[in-house]
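Colleague: Could you take me through one part of this model closely, namely how its helices pack against one another and what surrounds some of the residues in them? Please state the cut-offs behind each term as you go.

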Amino acid sequence: MKDAAPGMVLLSEYRAPDWRVEHLDLHFDLDPAATRVESRIRVRRAEGAEPGAALRLHGRELELLRLEVDGKPPQSGVVTADEEGLLLADLPDTAEITVETRIRPEANTALEGLYVSGGSLCTQCEAEGFRRITYFPDRPDVLTRYRVRLEADAAHYPVLLANGNRVEAGELPKGRHYAVWEDPFPKPSYLFALVAGDLSCVSDRFTTRSGREVALEVYVEHHNRDRCDHALASLKRAMRYDEEAFGREYDLDVYMIVAVDDFNMGAMENKGLNLFNAKYVLASPDTATDNDYVHIESVIAHEYFHNWSGNRVTCRDWFQLSLKEGLTVFRDQEFTTDRTLFGVKRIDDVRGLRAFQFPEDAGPLAHPVRPDRYAEINNFYTMTVYEKGAEVIRMLRTLIGRAAFRRGLDLYFERFDGQAVTTEDFVDVMAEVSGRDLELFRRWYTQAGTPRLTARTGYDAQAGVLLVDLAQQTPPTPGQDEKHPLHIPVRLSLLALDGSPLTARLDDAPEATEFVLELTGEAQSFRLQGLREAPAAVSWLRGFSAPVRLDAGQGTSELAHLVAHDDDAFARWDALQTLLRRAVIARVESEADTVLEVALTRAIGALLEDAAVEPVLLAALLELPAHRELMEAFDRADPVAVDAARRSVEQAVFDPLADPLAARAPDRGLWDDGAFTAEAMGQRRLLNRILALRVAIGAPGAVQDAARQYREARSQTLAMAALAAVNDSTDPVREELLADFERRHRDDPLVLDKWFALESGSQVGDGLERLERLLDHPGFRWSNPNRVRAVLGPFMAQNHRHFHREDGAGYQRLADYLEHLDALNPQTTARLAQPLTRWQRLDPARSAQMRKVLERLAGKDLSPDLADVVQRALAR
């Protein structure tokens, strides 16, 4: 980095490709030390191409063995090599380019392209990994059909997989064998995949709504074949849901999933051959928690849904990444909501947005859902592109209605099948089917930042009218100092004194009990007419109808009324979160607001006594705002003080409720069965939340109850919850239980990651010394992203006392680790470095220490991935 800044790619400079690839034949002679790749690329000059335009073949870290044009070596001056790959000039309008390269998978620690994981050979090509395999126009708007021949040693690699359908296989001399795969659907290079290994296949079948039989195959290491049932069941549910909810049917003869130990992300939607981080495939009640089960089902569904939203219709360029990711996150969120978590899924999604995406939108890495520039595309696989992108889709559905939205999706898939398109194309279709003017709405894709929404009301008793005044303002973000109004749907309802919904009319619309106000300017007023009494409370942003920060000016009594009566799960939860947030802020800024804290105790006590509150919702209601979210309430804050204030509020509010909490806890013996049902998971979630609260407030016998729960647990859900409850306790039982867990699971890496995370995140003892011991543990590997994330992630996110030491030792230690990891895996390093970008939001002493660490990194020779993050962090 000290020598050269990462180059900038600009959306404004996009040009359609001058060359089309009509077909690609790939031949792999697979070997972990040295794999030979031969590609035959049939190209044709595109219509309207610039005369004389050269053919760009991207390539990185390749050994070129042979290059031919139409079967002959190119003449002098035809080929130019540069840092991006090869440029071929003076080609005829049609040509066949033959390229032979040699690559070294076992030396590939970046885990992009072809690499080795657990003895298998596998690929990761999104976003730009294919150029590490062979020279090719590696861009998402170059789609073609692939025919792939794989050859390998039959004993070491009995399983040979690639995209599409297998059309041929057989034996070769010297103990080798081959398989040929053809994908009938055009795809970009980022969706290419292959796997070669000694793997066990767990199979099933699925019959589509049109009667086609599809083979379902999950490939795992042999000792894990008994942990695939949930993944297969989740896949079948997702396939059926996509047919019923979105009208999308699967299109190949086989759908394959491969679990990989070493993987930078969660999973990859390669056409017909999904590669998964093993943690999102493998599950059994004794190794996986309820959260693991939910995440596995969600990720399985997400990658399957990509078959249409991402594969059949893909993105024209990487600026359009949210076109596939935002839409697919929306689809998987709908699936999970309908399948397991119902209204609480929305709460969990918003909790994640506020803790991670809102800070991203307010920091130096802020960018629009559809960026207009990037230096390193790997750094734009963000909460903004994914989760905020999904919120944009959800707002669009709110504005045009569910029926029009479904018609729009159908038309989008029909019109653009087999094409690479843009967010503009998507919104155009929705405008066409709905007849709505969505020009202002498009700004959600191009403007960064989280809007601040101000809402005030006034009631005219004589006229029976509630006047609603709304205003919006979006703070400046890097590169966008000037902000403009957005099209914001604000869903609301009015509650009477008895908690029932009030009927009113919005302008000339029919009477209703719920309304969507469309704010399109900086400020607007709305009239809700026909009211027969004054509303006791306004339920704002029901279902979180827009990703905004809301200031509704509501007092404690109005919010408490919503906590007691609101029938919208999100709005009810949000009212309580607002009160809890105020209580923490009060302790940070001055002193405890005892009146507010007493009101909170009273409101939560009533919830505990209300048998009508579902266990899963009650568990969510009992959770305090996340530390990351609370930090956003201040321009600058001491993170250790914020953590202390949060704990103090928890103690003050819940200590008087020790007995009601114990009384409301579900019977552990009835629900410790690992059943993957909404009811069972809800009961366990409430049981575990109450246990955590009782330990936190020091309730008599709570630590002993946690120890008993751990020792008697039949499911990992209850065992892990017991460990988490005592993880910040100084009671000797903590060390005893954690040591027992490590002994039990030291040979199971995915379960051991849970132990790593607990030890790293604990604030007891000497956190830096413990961190070093974890990195020296026999089960830790710097080359495995899961291990690295399990140790370093919780240390930064949860161990406030040690990561945020006033002397900066925590930041300095992290910088040491990042520098070491960057030489191995730049992509993972850049993501782990992001907490350092928040230096301007810390108190002055810690801010200076964190900036010093960033400046130290800036003076090193960093990868483009990490250099991009460090530069943007220091630029603001």
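Modeller: Leaving aside its neighbours within four places in sequence, Phe-246 is in contact (heavy atoms within 4.5 Å) with Tyr-241, Phe-330, Arg-331, Arg-406, Leu-409 and Asp-410. The model is a predicted one, in which local features need pLDDT of at least 70 and side-chain atom pairs count only at pLDDT 80 or more, while totals for chains, interfaces and linings use all residues. Residues are numbered from 1 along each chain as its sequence is written, and side-chain values use heavy atoms, with hydrogens and water left out.

Phe-246 lies in helix α1, where helices are DSSP runs of H or I with at least four residues, numbered from the N terminus. Because its relative accessibility is 6%, Phe-246 counts as buried (under 20% relative accessible area, with exposed meaning over 50% and partly exposed in between, for a 1.4 Å probe and protein chains only). His-177 is 69 residues from Phe-246 along the chain, and the C-alpha atoms of the two are separated by 41 Å.

Helix α1 (residues 229-246) packs on helix α2 (residues 290-305) at an angle of about 50°, with the axes 9 Å apart; axes are lines fitted to C-alpha atoms over the stretch in contact, and angles run from 0 to 180 degrees between N-to-C directions. The two helices are therefore oblique to each other (under 35 degrees is roughly parallel, over 145 roughly antiparallel, 65 to 115 roughly perpendicular and the rest oblique). On the α1 side the contact includes His-230, Ser-234, Arg-237 and Tyr-241, and on the α2 side it includes Tyr-293, Glu-297, Ile-300 and Phe-305. By class, this contact holds 11 nonpolar, 2 polar and 3 charged residues (Ala, Val, Leu, Ile, Met, Phe, Trp, Tyr, Cys and Pro count as nonpolar, Asp, Glu, Lys and Arg as charged, and the others, Gly among them, as polar).

His-745, found in α20, is buried because its relative accessible area is 14%. Neighbours within four places in sequence aside, His-745 is in contact with Asp-286, Gln-716, Val-751 and Leu-752.

Helix α22 (residues 767-775) packs against α25 at about 20°, with 11 Å between their axes, so α22 is roughly parallel to α25. The passage of α22 across α25 is right-handed. Leu-768, Leu-771, Glu-772 and Leu-775 of α22 make this contact with Ala-809, Gly-810, Arg-813 and Tyr-817 of α25, which divides into 5 nonpolar, 1 polar and 2 charged residues.

Helix α25 (809-822) is also one of the elements against which the buried residues of α27 pack, along with α14 (639-654), α24 (800-803) and α28 (864-875). Among those buried α27 residues are Arg-846, Met-850, Leu-854 and Leu-857.

How values were computed. Left-handed = near helix turned anticlockwise from the far one by under 90°.
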